[in-house]
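Subject: Structure handover

Dear colleague,

Here is the structure you asked about. Please open it first; my notes on what was found come after it.

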Amino acid sequence: MQPRDRLSFSPITKRPALRFPSGIRLVVWPVLALEEWDISRPMARMVISPPQGQPELNAHGYDQVPMHKLDDQRGVIMKSMDIIEKFWGKRPRGWFGPGLTQTYETLDYLAEAGVEYIGDWVLDDEPVTLKTTHGSVVALPYNFELHDIVMMALQHHPSEMMYRRALDHFTCLYEESAERAKIMAIACHPYLSGVPHRIGHVQRTFEEILSRDGVAAWDGAKILDWYLAQQHQRG
């Protein structure tokens with residue numbers, strides 16, 4: 001199925017408003033990425049360009065290979081889910097693809113493996129339900145704007161941009177959240193957001209946003225359960 005086959009067009013203004021539990025109007029979704037790159041492959045992402053633009057070997061762990069480059073995409077998905085389940089004691093419910101990459105078949109493989117929600121589809125301001133050959137998968141509202149790779153490694157903004165952009169983004173959503181539930185994802189990678197000249201800006205970003213009335217921080221599973229409950233109530 002192509003993306004348009006998995007989700008019918010639906011203007012957000014024409015949908016019944018989603019509501020959080022009493023006292024909450026906006027949820028912050030912190031997304032902290034732990035990446036391990038394979039030392040034998042070209043580095044998936046570079047902060048400093050290598051000499052002459054040619055990759056060198058880097059001891060930078062995660063084997064982050066785009067989904068469309070895998071010889072056995074289904075097998076890698078199943079292996080990843082199994083390893084996390086063995087380590088964590090339970091099967092992961094969510095999925096972010098390397099670089100948010102997918103093929104037409106990826107969602108079907110993910111649903112088959114037990115994935116319930118994804119963050120790969122930056123297509124809506126609210127959770128939406130996607131069709132797959134193995135039931136449905138929920139796409140949670142992710143974004144490319146409050147994302148340290150985009151801001152720091154690609155757009156080359158100064159360190160305080162995380163705070164400035166996040167507060168501007170929050171101000172808009174907070175006003176809109178008086179009418180319907182709003183979700184605000186913030187993506188951080190330790191090798192970028194965790195360095196000394198940035199971590200303070202990240203800290204004050206979360207502190208200031210979470211100090212506002214009606215704002216809470218939830219993980220993806222909690223957002224998923226809330227959304228599914230809302231859908232069940234509507235029948």
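What does the accessible surface of the chain come to, and what percentage of it belongs to carbon and sulfur atoms? The total is about 13,200 Å², and carbon and sulfur atoms account for 53% of that. Please keep in mind that this is a predicted model.

Overall make-up. The chain has 235 residues, and 41% of them are buried. Eight helices and seven strands were found. Among contacts with a separation of 6 or more, 66% are between residues 24 or more positions apart.

Three strands make up an open sheet with parallel pairing, in the order 6-1-7. Strand 6 (182-188) and strand 7 are the edge strands, each pairing on one side only. From one strand to the next the twist averages 25°. Strand 1 and strand 6 run parallel and are joined by seven bridges; Val28, for instance, has Met184 in strand 6 as its bridge partner. Helix 5 (residues 161-176) packs on this sheet and touches strand 1, strand 6 and strand 7. The direction of helix 5 makes about 165° with that of strand 6. Helix 7 (residues 196-210) lies across strand 1, strand 6 and strand 7, and runs at about 165° to strand 6.

Strands 3, 4 and 5. Strand 4 (residues 128-132) is joined to strand 5 by five bridges, and the two run antiparallel. They form a hairpin, with two residues between the strands. Strand 3 (residues 117-118) runs parallel to strand 5 (residues 135-139), with two bridges joining them. Ala139 in strand 5 is a bridge partner on both counts: it pairs with Val128 and with Ile118.

Helix 3. This helix (residues 106-113) is largely enclosed by the rest of the structure, because six of its eight residues are buried. The buried ones are Thr106, Leu107, Asp108, Leu110, Ala111 and Ala113. What do these buried residues pack against? Their partners are helix 1, helix 2 (73-88), strand 2 (94-95), strand 3, strand 4 and strand 5. Just after helix 3, Gly114 takes a positive phi of about 105°.

Aromatic residues. The count of aromatic pairs comes to eight. Elsewhere, ring pairs link Trp29, Phe96, Tyr117 and Tyr142 into a cluster.

Charges over rings. The charged end of Arg204 sits over the ring of Tyr163, 3.6 Å from the ring centre. For Arg212 the ring is that of Tyr174, and the charged end is 4.5 Å from the centre.

Regards

Conventions: Residues numbered from 1 in each chain as written. Predicted model: local features only at pLDDT ≥ 70, side-chain atom pairs only at ≥ 80, totals over all residues. Heavy atoms only, no water. Pairing = 2+ DSSP bridges. Helix = DSSP H or I, 4+ residues; strand = E, 2+ residues; numbered from the N terminus. Buried < 20%, exposed > 50% of the residue type's maximum accessible area, 1.4 Å probe, protein only. Contact = heavy atoms within 4.5 Å. Areas by Shrake-Rupley, 256 points an atom, 1.4 Å probe, with all protein chains shown as cover. Phe/Tyr/Trp six-rings, centres within 6.5 Å; stacked < 30°, edge-to-face > 60°. Lys NZ or Arg CZ within 6 Å of the ring centre and 35° of its normal. Axes fitted to C-alpha atoms, helices over the stretch in contact; angles between N-to-C directions.
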